[in-house]
Amino acid sequence: MKFNTKVIHGGQQHEPATGAVNVPVFLTSTFAQKSPGQLISGYEYSRGANPTRQALEDSLASIENGARGLAFGSGLAAIDCVLKLLNPGDEVIAVDDLYGGSYRMFTRLFEKYQLKFTFIGFDNVEQLENVITDKTKLIWLETPTNPLMKLVDIKMVADTMKGKDILVAVDNTFATPYIQKPLDLGADIVMHSATKYLGGHSDVIAGALIAKDAELGEKLHFIQFASGGILGPHDSYLVLRGIKTLALRMQRHSDNGFEVAKYLETHSLVDKIYYPGLSSHPQYDLATRQMTEFGGMVSFTFKSGNKEDAVKFLENIKVFTLAESLGGVESLANLPALMTHASIPQEKRAILGITDDLVRLSVGIEDAEDLIADLEKAFNSIS
């Protein structure tokens, strides 16, 4: 199947008892057995498996070209599951421009269990090879990164790890499988905050993992089952419904994101703009090789460099909503230094370039003309 067909039919079947086209929401914690240990339908207890969640997990595996999909109560619950593959003393190499919640989990939770985290830019092979040790067991990537829209060459990293006992995991939340398929490029695990584009409507909190091979998928499922961070059946249904329109939405997000980025690139108050679809992006060539579109996430700074300008701008948007999160049909805007990335120490934010005037936009599926007009009015409030 091609992608537009996969998001609707991939891994799916009509409900066998009734023929229902949409999978029902199975609101049950447990399942009757014929005799002790003899299951009627293959389901025993909903923490281990639930038909609604199973339908979502099969869809996830299909759209990412993986062997096993798993659905979690949040994106962070999914990351937590991956880290539990490791043992005390193991080392993780992670991209430096990292979602604040991931950074918080790595440094404030798992470091105390004797995992070591090294954060680098992944600009070239040498940079990566210089920090690999015999204790390195996991490479954690975001691409594009949050919020500076840096790219990591997934194939380069995966090729460097060949023959080594090191897993490569990719947070594919910003790109989605419509735009980028990390498993096809050599990664072992894909993670999504399914709250974002997969759900697509800002009405659910969810996470996802997709494993490249069945053996790794079974290890992750055991951790999920033993730790209990599962996604409930109703939320599973919402994410599955969102996936069915993923291709349509992502194309619109990408088209609008490009129009907004072009507008910002020429605005007199804008200093730096971060969007991989612009030829001015330093990794534009990599973007054209690795991504089929460029998504709806755009970040920018002000020429004044003043936080006050960014705050006033965000206080005056009307069509965009000032809020955390991203990936919904509606356009959102936020100030990472005070919102999504406040958990990253200020000195580290400064090194990375997450300045106090950096604004991150999640460009939705409204009419681009209305979005640009809204941004223009907000700029006019500070000019």
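The questions and answers below concern a predicted model.

Residues are numbered from 1 along each chain as its sequence is written. In this predicted model local features need pLDDT of at least 70 and side-chain atom pairs count only at pLDDT 80 or more, while totals for chains, interfaces and linings use all residues, and side-chain values use heavy atoms, with hydrogens and water left out.

Me: What is the omega of the cis peptide bond between N146 and P147?
Reply: P147 is placed in the loop between β6 and α6. The cis bond joining N146 to P147 has an omega of about 10°.

Me: Where is N65, a residue other than glycine with a positive phi?
Reply: Most residues other than glycine have a negative phi. N65 has phi near 60°. N65 is found in the loop between α2 (51-63) and β3 (68-72).

Me: Is T176 buried or exposed?
Reply: T176 lies in helix α7 (residues 176-179). Its phi is positive, about 70°, although T176 is not a glycine. The relative accessibility of T176 is 1%, so T176 counts as buried.

Me: Which residues does K196 touch, not counting those up to four places away in sequence?
Reply: UniProt, in an unreviewed entry, places the feature "modified residue: N6-(pyridoxal phosphate)lysine" at K196; UniProt positions are given in the numbering used here, feature names are shortened, and annotations may be inferred rather than shown by experiment. K196 lies in the loop between β8 (189-192) and β9 (207-211), and counts as buried because its relative accessibility is 14%. With contact meaning heavy atoms within 4.5 Å, K196 touches T173, S325, L326 and G327.

Me: At roughly what angle do the axes of α2 and α9 cross?
Reply: Residues T52, R53, A55, L56, S59, L60 and I63 in α2 meet P233, S236, Y237, V239, L240 and I243 in α9. These residues divide into 9 nonpolar, 3 polar and 1 charged, where Ala, Val, Leu, Ile, Met, Phe, Trp, Tyr, Cys and Pro count as nonpolar, Asp, Glu, Lys and Arg as charged, and the others, Gly among them, as polar. Axes are lines fitted to C-alpha atoms, for helices over the stretch in contact, with angles from 0 to 180 degrees between N-to-C directions. The axes of α2 and helix α9 (residues 233-243) come within 8 Å and cross at roughly 35°.

Me: How far apart in space are E215 and P24, C-alpha to C-alpha?
Reply: E215 is in helix α8 (residues 214-227). It counts as exposed, at 59% relative accessibility. E215 and P24 are 191 residues apart in sequence, and their C-alpha to C-alpha distance is 29 Å.

Me: Why is helix α4 described as largely enclosed, and which residues of α4 are buried?
Reply: Helix α4 (residues 100-110) has 8 buried residues of 11, so it is largely enclosed by the rest of the structure. What covers the buried residues includes α3 (75-83), β4 (91-95), β5 (116-120), β6 and α13 (346-352). The buried residues of α4 are G100, G101, S102, Y103, M105, F106, T107 and F110.

Note on methods. Helix = DSSP H or I, 4+ residues; strand = E, 2+ residues; numbered from the N terminus. Buried < 20%, exposed > 50% of the residue type's maximum accessible area, 1.4 Å probe, protein only.
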